[in-house]
Structure formats: structure tokens, C-alpha cells
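Work through the exercises below with the sequence and the 3D structure open beside you. Try each task before reading its solution.

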Amino acid sequence: MSKQSSRRLPVPTPETAPYWEACHDHRLLIQKCADCGKYQFYPRSICSHCTSTNIIWVEAAGCGTVISYTIMHRAISEGYAKTGPRVLALIRLEEDVQMMSNIVECDPEQVKIGMAVEVTFEDWSDEISMPMYRPAGNR
Amino acid sequence: MESLRGKVAIVGAADTEVGVVPHTGATALCVDAITRALDDAGLAKNDVDGLVTCNSMTEPYLYHAEMIAEYLQIFPRYCLGIGAGGGTALAVMHHAASAIATGVCETVVVGMADNLRSGMTRERAMITQSSAGHPQFESPYGPTVPAFYALIARAYMEAYGATSEQLAAVAVNSRNHALLNPHAQMRTPIPVDDVLASRMIAQPLHLLDCSLVSDGGAAVVLTSAERAADLKQQPVYLLGAGEGHGYEHISQAHSLTTSAAVESGARAYEMAGLGPRDIDVAELYDCFTPVVLIELEDLGFCGKGEAGAFVEAGHLAIGGSLPTNTHGGLLSHCHPGNPGSMFALTEAVQQLRRNAGERQVKNAQTALVHAQGGTMSSHCTLILGREKN
């Protein structure tokens, strides 16, 4: 795990703990407002659409499209340099929420805006598994 | 609401030595900027009853402005330390102007400095700046600051067909102006091909699409228009100010190609009673080349998707229809981090005093200065003029 230790591991907060616990089980949870029916990401204590506190966790389909991306030739630190240039991307999920992630299991040069992707998980520590995206239908 | 238009003037403005300044620290640079701006205004430190600073990354203090007041042994009645991003310098201008206009204080110094180049290692500077990423939902994915902006660049190029050559033209324009500025950090000419041939940092951004890492500070002195009339410099009046806030983290952006500069610009134009066609000089935040293209469009200088061609046509040159980043900008003059847009402000003051030497824009009457912080997140636009009305 020494390689992982130089990466920046998320530290869950009370609002986000259920998200990271689900990631640990390789499930992607997002929040849905039980009053207005809209989804949101990142996790919050209230609905950012209608301020209701009546929020439920639901499992996302894990499918989305790349709305932008970059290949990072200059890594932020050693822990991120070892696997070669990473693809940083913004993904819009089917549920109409947006998240940042890396595109994996794919030649970086093949990534395109509009590309369909699906979630996969990388185990970074005993507690933290990170949601990543790979081209849809890879396996 | 009563307007701030023409009520407050910049009566002093100065930069420290900028670029690579290893012989001093961030606190000393801030104090140096403040004393230079006071000298420029013909005022003494005891004339100051308001102080605004932004924190330093290399020499941070929990209460920075209070610390600088103590260091200078001044005892202001208005003291404000700001921890925001690149939009900081400009946004504090209307806070300070409001304090003057409402009688909270009479004379405010805004002083900001940092030394990211000499005060920390390159790795430390990269990590510190990229800590703007969300600690749980962005930073673990390893983004650098150029990568955040590359997401915008890629989306913009895809939406409007902008080219790498058009991005490079922004860097070339800034460098051409830096060649006319003896204080600029980068003073070697760069053709478009050099930008395109420079090392790829985060696709599609090359090294020369990215701004500098520098040391330096700048300060301005503000007072009421009445008091300004008795001071030694040509006053530069605050005619308009506006902010716009779309999000903080890029992953939460509602649009990657249209920014809250639309709102900040509209608010500043409305207060000034002016429009884009009335602006003689523009100083636009240029931490990365694509930012300038989006700002040109969102501030109404050209239509959406037209900025690339607008820059390539030479409009941003001194002598062009909209001389922009006349000092060389963050790309070629200097970029010490949070204080970055202060140099755009002091440059606008020099232009409106008609004191900008070889890079003077003829008969400059009005200037627009724009800054943004985060990743095209929080915007502030100022409009300045030689005349109050």
C-alpha cells in the first residue's frame, strides 16, 4: 500500500460517509430528493434544488458520457506519475448529475467528448475504493 | 441603491520588482508594495485608515491584514484580509470603495504579494495551488491546475472549433506586450509555433499556454473623489464594478464554455453606464490562454465562439481595436498566485494616467479589468475612467 499512500485519499465527512461506504462495496450511490424527485452529486445535507432535507440514497446506474477530458502529461505528484499520463474527465451520469473522475482501461488518446462510459472501482486502501470510468461495454 | 460610480478614485498605484525576486519574502514584498503605492500617492502611512490584503501561500498568517497593519504600525478603522482566489484583488475594490463612500473610512490601501517562485519548491507550488480542488470529489483523481483549465479548453474547442493556434495567439499577444515592458518577467519573443512546440502539460494546454510562477506584489491607494482632487496624481475613478459566481469546483460547473463573467460584466457595465464598445483598454485574467477567449465573449467584446478569430485578427494588440493585457499579463508579466490581478489593475491605472511608456494606448479614457478565481468560477469586473462622469 506504500504506492497508494502518496495519492490523496478522500476523508469522508458525515454527509459523505454513506457514499464512500458504498464505494467500498463497489456500488455508486447518489442522492435523490424525496420531495422534488431530483438527483444531486456531490452528497449534501439538503436538496440543492428545493432545500428539502428529505433526501434518500439511491444506486446510480453507473452509466454516463464524457463531457470534457484532458490527458495530464505532468502529474501532480509521484503517486500519480507511476501509471503514466492519466485522463482526468468530467462525466455526466444518466441521472443528470456530474462528477470528476479518471478514465481507465482505455488508451488515453482514444478518449473523446461524448464517449459513453461506465463506472468501475479501484481499491486504494482498506477503506477507500475510488469510482473510475471505462468505455461502456468493455466487458 | 445608490451607485458607487465616480465616488472613489485610485490615487496611488505601484508594483514591486516582479518575476524572480529571491532576496526578499512575501510579507516584505507586501509591505514594499504598500509603501511604494503611498509614495506614488504622496501620502504617508498615517494617512491610511483602511487596509486590505490577501493571504500569502509562502508566509501565511491567520489574520493577514491585521498582521500587515501591525508590521507597518498603522491602526486602521477598516482592516480586511481576503483568502479568495484570483478574483480577490478586484472584488475587494468595490468593498473598499463602499467603505469610503459610506464614511467607514477615508483612505484605503489594497496591498497584495506572494513569492511562489522563490518561496516554495515547484512541486509545493503545484500542490498548494491545486488544493483548490474538492478534497473528496476532485483532488483524489490527481488534477493539476492546468488540468482543471484543460477541461474548459477542450470543451470550448469542441463546441466552437477553436484551434490550438488561436489559443497560442493569446500567449503571443501577451508576450509582444511584455517586450515593451521593462519590468516583465518574460522578454523573449515567441511566435505561435513556439507555443505549439512547447511541452504538453495537460492536453490541449502547452507550457506556453500556462501563466508564470512568480514573485511580486502590487498595491493601490483609494480615496474619495473629493479628496482625490487635491492629491498629486491624475485620479483614476471607479466607474463600475460587478461580480458573478457560478460554482466553486469545476466538476459542479453548469457550463464549461460560458462563465459568470456574463453577469459580472453586465453588472459593471450597468453601473458605469458604458458598454463593451466604450472600453479603450482591457486587462483580462489570463492564467491560461483559453480563459481570455471565453472572457472576450462573455464580456461582450465579440460573439460566442468568435474570440479565436478575433484574437488572430490582431484586435488585442496595442494599436488594435481592443488593446488587451498591455503589461504582458499573467502569461508574460508575472503571476505570483492570488495577487495576480493586482498587476492588471496597476497597469490600467498607468494606462489611464497615460504613463505607460512604450506600451501606452493612445488617448486611453476607459479601462476594463477582469479577474476570476477558482476555475472560471468567481468573476469580478471593474470599469475605470479618467473622468468621473
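Predicted model: local features only at pLDDT ≥ 70, side-chain atom pairs only at ≥ 80, totals over all residues.

Residues are numbered from 1 along each chain as its sequence is written, and chains are lettered from A and ligands numbered from 1 in the order in which they are written.

**Exercise 1.** Describe the side of chain A that touches chain B by its elements and residue classes.

Step 1. Two residues are in contact if their C-beta atoms, placed from the backbone, lie within 7 Å. The contact takes 29 residues from chain A and 27 residues from chain B.

Step 2. Helices (H or I, at least four residues) and strands (E, at least two) are DSSP runs, numbered from the N terminus. Strand 4 (63–72), strand 5 (86–93) and strand 6 (98–103) of chain A are the elements that give two or more residues to this side. Strand 4 of chain A gives the most, with six residues.

Step 3. Sorted by class, this side of chain A has 17 nonpolar, eight polar and four charged residues. Here Ala, Val, Leu, Ile, Met, Phe, Trp, Tyr, Cys and Pro count as nonpolar, Asp, Glu, Lys and Arg as charged, and the others, Gly among them, as polar.

**Exercise 2.** Find how strand 4 of chain B is placed and which strands it is joined to by bridges.

Step 1. A residue is buried if 20 or more other C-beta atoms lie within 10 Å of its own, exposed if 12 or fewer, and partly exposed in between, with C-beta atoms placed from the backbone. Nine of the nine residues of strand 4 (residues 107–115) of chain B are buried, so this strand is largely enclosed by the rest of the structure.

Step 2. From strand 4 of chain B, B:Thr107, B:Val109, B:Gly111, B:Ala113 and B:Asn115 point one way, and B:Val108, B:Val110, B:Met112 and B:Asp114 point the other way.

Step 3. Two strands pair if DSSP finds at least two bridges between them. Strand 2 (residues 50–54) of chain B runs parallel to strand 4 of chain B, with four bridges; B:Leu51 has B:Val109 as its bridge partner there. Strand 7 (residues 215–224) of chain B runs antiparallel to strand 4 of chain B, with nine bridges, and B:Met112 stands opposite B:Ala218.

Step 4. Strand 2 of chain B is also joined by five bridges to strand 3 (residues 78–82) of chain B, in parallel. In strand 3 of chain B, B:Cys79 is the bridge partner of B:Leu51.

**Exercise 3.** Is A:Asp96 buried or exposed, and where does it lie?

Step 1. A:Asp96 lies in the loop between strand 5 and strand 6 of chain A.

Step 2. A:Asp96 counts as exposed because it has 11 C-beta neighbours inside 10 Å.

Step 3. Most residues other than glycine have a negative phi, and most peptide bonds are trans. A:Asp96 is not a glycine, yet its phi is positive, about 70°.

**Exercise 4.** Locate B:Met376 and a cis peptide bond of chain B.

Step 1. B:Met376 is in the loop between strand 10 (366–373) and strand 11 (378–385) of chain B. Its phi is positive, about 60°, although B:Met376 is not a glycine. B:Met376 counts as buried, with 30 C-beta neighbours inside 10 Å.

Step 2. The bond from B:Gln203 to B:Pro204 is cis, with omega near 5°.
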